[in-house]
Amino acid sequence: MVAVAVGGVVGAEARYGLSLALPHAPGAWPWSTLLVNASGCVLIGVLMVLVTERVRVHPLTRPLLGVGVLGGYTTFSSYAVDVVGLVGAGRVVPAAGYAVATPLLALLAVAVGVWLTRRATARWSAGERR
C-alpha cells in the first residue's frame, strides 16, 4: 500500500502540474485532461509490456508505477467532471464527443504503447534468446 500511495502522490502532482500548464476555462474543451489520460494510457501500455514480457522487476514495481504513479496521473473523475461542465455550459454535442472520444482514445493509446514497446524491444528480446 505504501508503494501505491507514494506513486499516487507523484502521479497526481504530475497531473496537477499539467493542468496548471494547460488550463481550460469551465465549459471549454478539456485538453489537459484528455492529454493526461491519453499519455498515461500510452505509458501504461509501455509499462505492462516491459514488466510482463521484457524485464524481471521487483514485485512492487507494478503497484508503484502502474497503480500508483499512472493511476494517480490518469483521471476518470476529472473526465466525468469535464463532461458535466461541458453539458452545464450548454455544449452538449462537444460533451458527448468528449465522453465517447476519451475512452476510445485511451484504448487506442494503450494499444499504441504496447505496439511501440514490443517493436522497440524486439531486437533486444531476440538477442536474449540466443
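Helices here are DSSP runs of H or I with at least four residues, strands are runs of E with at least two, and both are numbered from the N terminus. With those terms in hand, welcome to a chain that has 5 helices and 0 strands. This is a predicted model, in which local features need pLDDT of at least 70, side-chain atom pairs count only at pLDDT 80 or more, and totals for chains, interfaces and linings use all residues. Residues are numbered from 1 along each chain as its sequence is written, and side-chain values use heavy atoms, with hydrogens and water left out.

**The chain as a whole**

- The C-alpha trace spans about 60 × 30 × 20 Å along its principal axes.
- Of the 130 residues in the chain, 32% are buried; buried means under 20% relative accessible area, exposed means over 50%, and partly exposed is in between, using a 1.4 Å probe and protein chains only.
- Among contacts (heavy atoms within 4.5 Å) with a separation of 6 or more, 74% join residues 24 or more positions apart.

- An unreviewed UniProt entry places a "binding site" feature at Gly-71 and Thr-74.
- The UniProt annotation "transmembrane region", also from an unreviewed entry, covers residues 28-52, 64-89 and 95-116.
- UniProt positions are given in the numbering used here, feature names are shortened, and annotations may be inferred rather than shown by experiment.
- In the model, the span of residues 64-89 is 88% helix and 0% strand, and its end C-alpha atoms lie 38 Å apart.
- Residues 95-116 are 100% helix and 0% strand, with 31 Å between the end C-alpha atoms.

**Around the annotated binding site**

- Gly-71 belongs to helix 3, which runs over residues 61-73. With a relative accessible area of 38%, Gly-71 is partly exposed.
- Thr-74 sits in the loop between helix 3 and helix 4 (76-88). Thr-74 counts as buried because its relative accessibility is 18%.
- Beyond its neighbours within four places in sequence, Thr-74 is in contact with Arg-15, Val-36, Asn-37, Gly-40 and Cys-41.
- The side chain of Thr-74 also reaches the backbone oxygen of Leu-70 at 2.8 Å. A polar contact is a pair of N or O atoms within 3.5 Å; within protein, one must be able to donate a hydrogen and the other to accept it, and residues adjacent in sequence count only if both atoms are side-chain atoms.

**Helix 3 and its partners**

- The buried residues of helix 3 are Thr-61, Gly-66, Gly-68, Leu-70, Gly-72 and Tyr-73. They pack against helix 1 (2-21) and helix 2 (31-54).
- Thr-61 has a relative accessibility of 18%. Not counting residues up to four places away in sequence, Thr-61 touches Val-51 and Gly-66.
- Leu-18, in helix 1, touches Ser-32, Leu-35, Val-36 and Tyr-73, leaving out residues up to four places away in sequence.
- Leu-18 and Trp-31 are 13 residues apart along the chain, and their C-alpha atoms are separated by 10 Å.

**Two residues of helix 5**

- Thr-102 lies in helix 5 (residues 92-129) and is buried, at 6% relative accessibility.
- A polar atom of the Thr-102 side chain lies 3.0 Å from the backbone oxygen of Tyr-98.
- Setting aside residues up to four places away in sequence, Thr-102 touches Leu-34, Asn-37 and Tyr-79.
- Leu-107 is in helix 5 as well, but Leu-107 counts as exposed, at 61% relative accessibility.
- The C-alpha atoms of Leu-107 and Gly-45 are separated by 9.5 Å, while the two residues are 62 residues apart along the chain.
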